[in-house]
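Hi there,

Here is the structure I promised to pass on to you. Have a look at it first, and then read on for what turned up.

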Amino acid sequence: MRFGIFLLAGLIAADDASAAGETIVIDPPAEGSVSVAQGLEAWGRIFEVTSHPRCSNCHTGPSDRPMWSGPSYGRTRVHGMNIQAGESRMGIEHLQCSTCHTTKDTDWDNANAKPHSAPRVAMDWALAPPEAHWFGQSSEQICAQLRDPSLNGDRDMLELAEHLDHDLILHWAWTPGGGREPAPYDLQSHVNDLLEWGTAGMPCPQD
Ligand code: HEC
Ligand code: HEC
């Protein structure tokens, strides 16, 4: 049976509808309709996204250091200014991420237009949990993590897709501004790929 859940991305920050962008449709393919080969193709695209600097700069695993990488940075390095996320992953023990990655703006459409300023969204900026380790990891490693509920925040396919919709940081990753190159494809395609991969049984290249 096909079903769709329509979620308005702006709901968690009512005054931020313009920055949150479009409405995402979560509409998984019918059970049994996606082959393992198609699932693996979808995984290939998911890997391109998850390993992209706009995502992996924050998914640094056991390290509590965010990364500055991607063409707009010129070279790959750890976040300048000795930034440490600490166990809180928000820098509470040191200097909070939100000191610079602020959540306040009157003009969200242009908030990230200036090159080399700290990216901002209307939700608290934080480093991803250590288990969600993507920076410098292989397709096999990221795939194994993302399909394992004990490592992915106890999420099934639908919950992963919903997380993508709710997370304003992800909306930023596809429209980063400031000369940063966006994550590949677009948010809706990424959600569709995730649902296709999930319907195929979350196959990984190493299976
Ligand atoms: C500013 C830092 C930051 C960036 C950039 C970022 N993430 Fe995350 N990500 C997080 C945090 C924090 C969590 C934990 C949130 C939670 O569990 O509710 C998370 C969790 C996730 C999860 C939940 C599953 C898991 O394994 O923990 C997914 C899926 C995810 N991110 C996808 C992405 C994708 C795709 C991109 C790029 C388009 C991205 N993230 C970019 C910080 C970031
Ligand atoms: C003192 C200010 C400051 C603090 C505090 C800070 N950042 Fe940043 N951050 C910046 C600036 C400025 C940039 C952009 C640098 C550039 O583009 O050259 C940046 C960029 C980033 C990027 C790269 C985004 C991308 O892909 O282009 C990530 C990831 C990041 N910060 C994560 C964090 C996390 C996580 C914390 C808290 C643990 C944090 N930052 C704390 C100032 C700060």
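Let's start with a helix pair: Met157, Leu160, Ala161, Leu164 and Asp165 in H5 meet Leu187, His190, Val191, Leu194, Leu195 and Gly198 in H7. Here two residues are in contact if their C-beta atoms, placed from the backbone, lie within 7 Å. By class, this contact of H5 with H7 has 8 nonpolar, 2 polar and 1 charged residues. Ala, Val, Leu, Ile, Met, Phe, Trp, Tyr, Cys and Pro count as nonpolar, Asp, Glu, Lys and Arg as charged, and the others, Gly among them, as polar. The axes of H5 and H7 are 9 Å apart, at an angle of about 170°. Axes are lines fitted to C-alpha atoms, for helices over the stretch in contact, and angles run from 0 to 180 degrees between N-to-C directions. H5 and H7 are therefore roughly antiparallel to each other (angles under 35 degrees count as roughly parallel, over 145 as roughly antiparallel, 65 to 115 as roughly perpendicular and the rest as oblique).

A word on the source: this is a predicted model, in which local features need pLDDT of at least 70 and side-chain atom pairs count only at pLDDT 80 or more, while totals for chains, interfaces and linings use all residues. Residues are numbered from 1 along each chain as its sequence is written, with chains lettered from A and ligands numbered from 1 in the order in which they are written.

H7 (residues 187-199) also packs against H2, at an angle of about 140° and with the axes 8 Å apart. That makes H2 oblique to H7. On the H2 side, the contact includes Trp43 and Ile46, and on the H7 side His190 and Trp197.

In total, the protein has 7 helices and 4 strands; helices (H or I, at least four residues) and strands (E, at least two) are DSSP runs, numbered from the N terminus.

Now for the ligands. Around ligand 1 there are 22 residues, with Cys55, Cys58, Ala128, Ala132 and Ala173 the closest; a residue is near a molecule if its C-beta atom, placed from the backbone, lies within 6 Å of it. H6 gives the largest share of this shell, 3 residues. The shell around ligand 1 holds 14 nonpolar, 6 polar and 2 charged residues.

Which residues come nearest to ligand 2? They are Pro66, Gly91, Cys97, Cys100 and Ala118, out of 24 around ligand 2. That shell divides into 15 nonpolar, 7 polar and 2 charged residues.

Happy exploring!
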